[in-house]
Amino acid sequence: MDFSSLQQFKNALVDHCVAQGREFKYMKNDSIRVRIKCRSEDCPFVILCNKVGNKETFRIKTLVGDHTCARVFDNKSANVRWVKQKLLNKVSTMNKISTNEIVDDFRVNLGTGITRYRAWKGKQLAIEEVEGAIEMQYTLMWRFSNELRRMAAGNTCKMNFETQRSTLFPRFSRFYMCLEGCKRGFLGGCRPFIGLDGCHLKTKHRGILLAAVARDANEQYFPLAFGVVESETKESWMWFMELLMDYIDPERSRRWVFISDQQKLMYV
Ligand SMILES: [Zn+2]
């Protein structure tokens with residue numbers, strides 16, 4: 001079996017050993033080879049993965065795959081890095097998960113016991129990785145907007161930011177996006193009907209996602225525009241609606257039907 005890096009091999013190996021309920025130790029671990037043997041002294045399990053010639057490929061060269069030792073439950077090979085990797089999806093989709101729940105989850109679903117410390121530390125590292133990534137993504141918003149406009153001149157993107165103090169970095173506050181294809185499709189093939197709603201974003205930085213949808217000739221939903229605002233207020237809805245109406249009916253001369261759960265929108 002080939003791997004693109006030794007790290008990929010090591011990750012796969014931890015998965016394998018945890019699934020088998022066996023622990024391993026490194027006999028050799030450098031930049032071109034990794035030799036691993038079972039932690040139990042008289043067990044023959046051994047695996048060697050090393051670099052192939054001068055290619056960036058790593059291949060398993062030696063493998064004695066069967067263990068003669070017994071299964072262990074509290075697997076020391078299930079290290080913090082592995083726990084973090086397993087928790088990445090969970091912490092990005094679940095609001096809160098306790099250390100005890102993590103320990104239980106690993107016992108039931110992955111068949112291995114981990115210490116509370118390992119569960120806690122793994123969770124901290126996973127949160128750091130996920131939320132660090134989220135903060136970084138806000139800085140990519142300008143590039144994303146530029147790219148959308150470059151692809152089609154009719155794509156509308158609007159981003160607002162706040163400057164708290166001249167010495168601080170500007171802060172993201174609102175975002176609006178409407179694609180040219182959606183506008184054309186709406187004006188060309190949908191009824192003059194717009195459904196509006198907002199939903200809470202469950203990430204660390206919260207906010208509200210606003211959406212405007214239309215219905216096409218087949219009675220299906222037709223996406224029209226999206227926005228992200230700090231909260232659902234009359235002011236934020238107006239900001240969103242003005243941007244939307246500026247394109248679809250700049251003269252405000254046609255009649256439109258809106259459906260919404262917000263009384264604040266009655267002004268339209
Ligand atoms: Zn063994």
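1. Burial. Of the chain's 268 residues, 21% count as buried (20 or more other C-beta atoms within 10 Å of the residue's own; 12 or fewer is exposed, anything in between partly exposed; C-beta atoms are placed from the backbone). This is a predicted model: local features need pLDDT of at least 70 and side-chain atom pairs count only at pLDDT 80 or more, while totals for chains, interfaces and linings use all residues. Residues are numbered from 1 along each chain as its sequence is written.

2. Overall dimensions. The radius of gyration of the chain is 27 Å, whereas a compact globule of 268 residues would have one near 18 Å (taken over C-alpha atoms; the globule rule is 2.2 Å times the number of residues to the power 0.38). The C-alpha trace spans about 85 × 50 × 45 Å along its principal axes. Among contacts in the chain with a separation of 6 or more, 52% come from residues 24 or more positions apart (contact: C-beta atoms, placed from the backbone, within 7 Å).

3. Secondary structure. The chain has 7 helices and 11 strands. These are DSSP runs numbered from the N terminus: helices are H or I, at least four residues, and strands are E, at least two.

4. 5 strands form it, in the order 1-5-4-3-2, with antiparallel pairing (two strands pair if DSSP finds at least two bridges between them). Strand 1 (2-3) and strand 2 (24-29) are the edges, each pairing on one side only. Helix 1 packs on this sheet and touches strand 1, strand 2, strand 3, strand 4 and strand 5 (58-64). The direction of helix 1 makes about 10 degrees with that of strand 3 (axes are lines fitted to C-alpha atoms, for helices over the stretch in contact; angles run from 0 to 180 degrees between N-to-C directions).

5. Strand 2 and strand 3 form a hairpin with 3 residues between them. Their antiparallel pairing runs over 5 bridges, and F24 has C38 as its bridge partner in strand 3. Strand 3 and strand 4 are also antiparallel, joined by 5 bridges. Here R35 stands opposite L48, and V34 has C49 as its partner.

6. The largest nonpolar core. It holds 21 residues, of which C49, A78, V83, L87 and I114 touch the most other members (a nonpolar core is a set of buried Ala, Val, Leu, Ile, Met, Phe, Trp, Tyr and Cys residues joined through C-beta atoms within 7 Å). At least two residues each come from helix 1 (6-20), strand 3 (33-38), strand 4 (46-51), helix 2 (80-93), helix 3 (99-109) and helix 4 (116-138). Helix 2 gives the most, 4 residues. Domain 1 (1-77) and domain 2 (78-136) each supply at least three; the bounds come from an automatic or database domain assignment.

7. Not counting residues up to four places away in sequence, C49 touches F3, L6, F9, R33, V34, F58, R59, I60 and K61.

8. Strand 8 (193-200). Strand 8 is joined to strand 11 (257-259) by 3 bridges, running parallel; I194 has F258 as its partner there. To strand 9 (208-215), strand 8 is joined by 6 bridges, running antiparallel. G195 has V213 as its bridge partner in strand 9.

9. Helix 7 (234-248). M245 lies in this helix. M245 counts as partly exposed because it has 16 C-beta neighbours inside 10 Å. The C-alpha atoms of M245 and E235, 10 residues apart along the chain, are separated by 15 Å.

Conventions. Two residues are in contact if their C-beta atoms, placed from the backbone, lie within 7 Å.
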